[in-house]
Amino acid sequence: MRFSRLYAPTLKEAPRDAEVVSHKLLARAGYVRQLTSGIYTFLPLGLRALNKVAGIVREEMNRAGAQEVLLPMVQPAELWKETGRWEFYGKELLRFRDRKDSEFCLGPTHEEVITDLVRHEVRSYRQLPLNLYQVQTKFRDEIRPRFGLMRCREFTMKDAYSFDRDEAGADASYRSMYDAYTRIFRRLGLRFKAVEADSGSIGGSFSHEFMVLADTGEDTIAACTSESCEYAANLEKAEAVCVMAECGEGCGALSRVATPGAHTVEEVAACLGVPASKIVKTLLFDVDGKAVAALVRGDRELNEIKLKNALAATDVRLATPEQVQQWSGAPVGFAGPVGLAVDVLVADHELCNATGMVAGANEADAHVVNLDMARDVKAVRFADLRSVASGDLCPRCRTALTLTKGIEVGHVFKLGLKYSEAMKAAFLDEDGKERTMVMGCYGIGVSRIIASAIEQNHDADGLMLPPTIAPFEAALIALAGKDAAVLARAEDMVRELEGMGLDVLFDERDERPGVKFKDADLMGMPIQLVLGGKGLERGVIEAKCRKTGTRTELPLDGFGDAFAAFRAGVWRAWGLESPGR
């Protein structure tokens, strides 16, 4: 591809609404343009990168035995109503009616559609296991699209769905997809970690997220610091190890104290001269229409996903100030567990033996002291409710945990019977008995991978993309001026490089060298080759690795072997196998 013919309008300044590096650089480097909020046009460079990612995903899915299909993006409401997700999914599901007044939605995911397909076609155990996948556009009407391709409304996704005879088969399908995802992200040259995760709105019994490690990630990962332990989990799923104090003889009598204007943990601690760890934080929620109080230590953070799972709930919402007043008899900041009029009272495990605590008194400007959970709080149940913190113990080996940031780019789920049972996707087993298929689903954010790669790999000059993602593996820059010999030799080198299997961007423009170098760095091609008049006279060409900044001179005579060695070094710098293997 000649640079002079490439449609890649670069920008000196990033768009004003661009908040993260990937959004800024994708726009500046001419990869994407925003059409409207959360919806982007992929320009030639962006589309080439997108297709490269999709190509690797397809290769590994096919290698794992999955078969590609293409499902409709427009889905009838009837299917979603069968599974109960028409209302449950929320406003992210874009609903509309056609000219016949029939209800439809734009697909944010395809569990219902694929299950409908299979239930009408698969009848016998001999047709199982089956794994079908697609690479397709999805739409989720995000309330606040942000971060460019990281959280947009329209995006490209690979989603696969497995159907098995039994749990053992489903486990094998899950492991096959887990291994395929590991190969995909390794081939893409990304630093990633697979972590235990909550299944969210997709549902199911077990799941893992694949996280690209980046400081700008929205998700927090808890990982064991032991080299021999592989435990890692999303903060929503990470298990908190409870180190409970031994039961003592109790404390003094429960009594009320004045705490005027002390609403927060910090204010109460300062007012009473106690550490935050001696305060019981009482948080009120509307859970599926019931009043629920959740208790954690004052120095801990409640994890709402854990609360939702502990109560097997569908909808968890923080109580409004009006509800707080109604249930506790006090304004926000003064609720406490003693005598609280709620339907459910649940506390974090850490509070099981807690004594000598401080809590709200369920009246304005007052708290209670000398609270003993066992003595003073009735009808309470205990569960893991808190988010883990750095330094907490690993639930597997009891080594310290560390917290890092990550970007979710893949998610694998064990769905079990959630959809197949609701939609009656059944088959006949060896004995002619009807049984329900056991399902799994497996998603990869193809377009999000590009943004994640940039968040992980960039510098002040622009993108640094792995060879397997970059739209062109090499940029050949001809510093020709009016020197026809340089241009002719560069033309020959383009053909030679393409013969080696490289995608080459040939910058033959009549521009200053500084402009060409700046564009090459901004666009992030892994290899830069620079040929000028002086180099041609000396019989050398300069080669630069964009990731490391390393420059070296390669001979023009015998260029093929010298370049192959240099190229292999570039791939190794990305942790990739040598090209062509």
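**A walk around threonine 220 and beyond**

OK, let's start with threonine 220, which sits in strand E11, residues 219–224. Strands (E, at least two residues) and helices (H or I, at least four) are DSSP runs, numbered from the N terminus. Before going on, some housekeeping. This is a predicted model, where local features need pLDDT of at least 70 and side-chain atom pairs count only at pLDDT 80 or more, while totals for chains, interfaces and linings use all residues. Residues are numbered from 1 along each chain as its sequence is written, and side-chain values use heavy atoms, with hydrogens and water left out.

Back to our residue. Is threonine 220 buried or exposed? It counts as buried, because its relative accessibility is 15%. Buried means under 20% relative accessible area, exposed means over 50%, and partly exposed is in between, with a 1.4 Å probe and protein chains only. The side chain of threonine 220 makes a polar contact of 3.0 Å with the side chain of lysine 405. A polar contact is a pair of N or O atoms within 3.5 Å; within protein, one must be able to donate a hydrogen and the other to accept it, and residues adjacent in sequence count only if both atoms are side-chain atoms. Leaving out residues up to four places away in sequence, threonine 220 touches Ala233, Asn234, Leu235, Leu403, Thr404 and Lys405. Contact here means heavy atoms within 4.5 Å.

Now look at valine 388, in the loop between strands E20 (381–383) and E21 (401–416). Valine 388 is buried, because its relative accessibility is 4%. Beyond its neighbours within four places, its contacts include Ala222, Leu235 and Leu403. Valine 388 and leucine 235 are 153 residues apart in sequence, yet their C-alpha atoms are 6.9 Å apart in space.

Zooming out for a moment: the protein has 16 helices and 31 strands. Of its 581 residues, 52% are buried. Among contacts with a separation of 6 or more, 69% are between residues 24 or more positions apart.

Next up, helix H6, residues 167–187. How far apart are its end C-alpha atoms? They are 30 Å apart, which agrees with the 30 Å that its 21 residues should span at 1.5 Å a residue; the expected span is 1.5 Å times one less than the number of residues. At its start, a side-chain oxygen of aspartate 166 comes within 3.4 Å of the backbone nitrogen of alanine 168. Buried residues in H6 include Gly169, Ser173, Met177 and Tyr181. Just after H6, glycine 189 has a positive phi of about 75°.

Most residues other than glycine have a negative phi, and most peptide bonds are trans. Leucine 128 and proline 129 are joined by a cis peptide bond, with omega about 5°. Proline 129 is in the loop between helix H5 (111–121) and strand E7 (130–139). Alanine 312 isn't a glycine, but has a positive phi of about 50°; its relative accessible area is 69%, so alanine 312 is exposed. Asparagine 362 also has a positive phi, near 60°, but asparagine 362 counts as buried, at 13% relative accessibility. You'll find asparagine 362 in the loop between strands E18 (357–360) and E19 (366–371).
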